[in-house]
Each structure stands twice: as structure tokens, then as C-alpha cells.
Amino acid sequence: GAPRAGSCPPRRASMTGKKNFNAKKSHHPQRLDVQKRVWEAEEALRVRQRQEAERALEVLRESEAAELSRTSGLPADARDDELRFMYSAPEARKRGDGAAAEGQEEGGARAVAAAAA
């Protein structure tokens with residue numbers, strides 16, 4: 001039938017009036033919180049890639065330094081002397097002075113405790 005005068009046209013099954021309902025979804029790319037999460041993830045990826053590149057460069061430098069030290073003609077002991085201090089005990093502990101100093105500190109504390117009593 002023909003529409004009657006003064007009546008509204010029939011509603012179509014379209015999305016007029018609901019054009020932006022996807023923007024309310026938590027995964028929609030126009031939402032600011034989604035854009036922020038994407039930006040943070042991309043920034044974290046850039047930082048990780050930069051750190052990996054720096055580490056790779058450091059490994060390359062260390063391998064070049066190791067190669068140079070191997071080809072320098074110095075004996076292995078002479079090369080290792082530069083870093084030996086990092087792996088050896090302090091001189092005071094080797095001589096036994098460290099134990100004596102610790103004993104003096106404990107004895108001093110005992111003497112103070114005895115004088116206070």
C-alpha cells in the first residue's frame with residue numbers, strides 16, 4: 001500500500017543513527033586508549049630493538065678486542081694481568097690483616113660493653 005498522509009516513512013534496516021557504535025568497542029582503532037596502547041607497544045619495541053643493537057655492537061667490539069689481544073703477540077699471562085685484580089682476593093685478606101682488624105673491632109666492642117656493665 002501507499003503511505004498515508006502524515007505518517008512516517010517506514011524504517012529501513014540500516015545503521016543510520018548508529019554510525020559510531022563501533023567507536024564504543026574496546027578494540028576500535030579510533031579510541032584514544034587503544035591508540036595509546038598501540039603507541040606504547042611500538043615505543044617498547046623501538047627501545048628493545050635499540051638495546052639489542054647496542055648489545056650486538058658491544059659484543060662485536062669485545063670480539064674485536066679479543067682478536068686483537070690474541071694477535072698482539074703478548075703471552076696469555078701478560079694479557080690477563082690487566083684483569084687479574086678483579087678475580088683475586090684483596091691484599092689485606094691475603095696477608096691476614098683483615099682478620100686481625102675484624103678481631104680488634106670485636107674486641108673494642110667487648111671492651112665498651114664490659115666498661116658499661
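1. Start with Arg46 and Glu42: their side chains meet in a salt bridge, 4.0 Å from N to O. The term here means a side-chain nitrogen of Lys or Arg within 4 Å of a carboxyl oxygen of Asp or Glu. Both residues lie in helix α1 (residues 32–71), 4 residues apart, about one turn of the helix. Helices here are DSSP runs of H or I with at least four residues, numbered from the N terminus.

2. A quick note on provenance: this is a predicted model, where local features need pLDDT of at least 70 and side-chain atom pairs count only at pLDDT 80 or more, while totals for chains, interfaces and linings use all residues. Residues are numbered from 1 along each chain as its sequence is written, and side-chain values use heavy atoms, with hydrogens and water left out.

3. Arg46 also pairs with Glu43, this time at 2.3 Å from N to O. Those two are 3 residues apart in helix α1, again about one helical turn. Shared partners tie Glu42, Glu43 and Arg46 into one network of salt bridges.

4. How accessible are these side chains' residues? Arg46 is partly exposed at 38% relative accessible area, as is Glu42 at 40%, and Glu43 is partly exposed at 26%. For the cut-offs, buried is under 20%, exposed is over 50%, and partly exposed is in between (1.4 Å probe, protein chains only).

5. Arg31 is partly exposed at 25%, and Asp33 is partly exposed at 35%.

6. For the tally, the count by this rule is 5 salt bridges.
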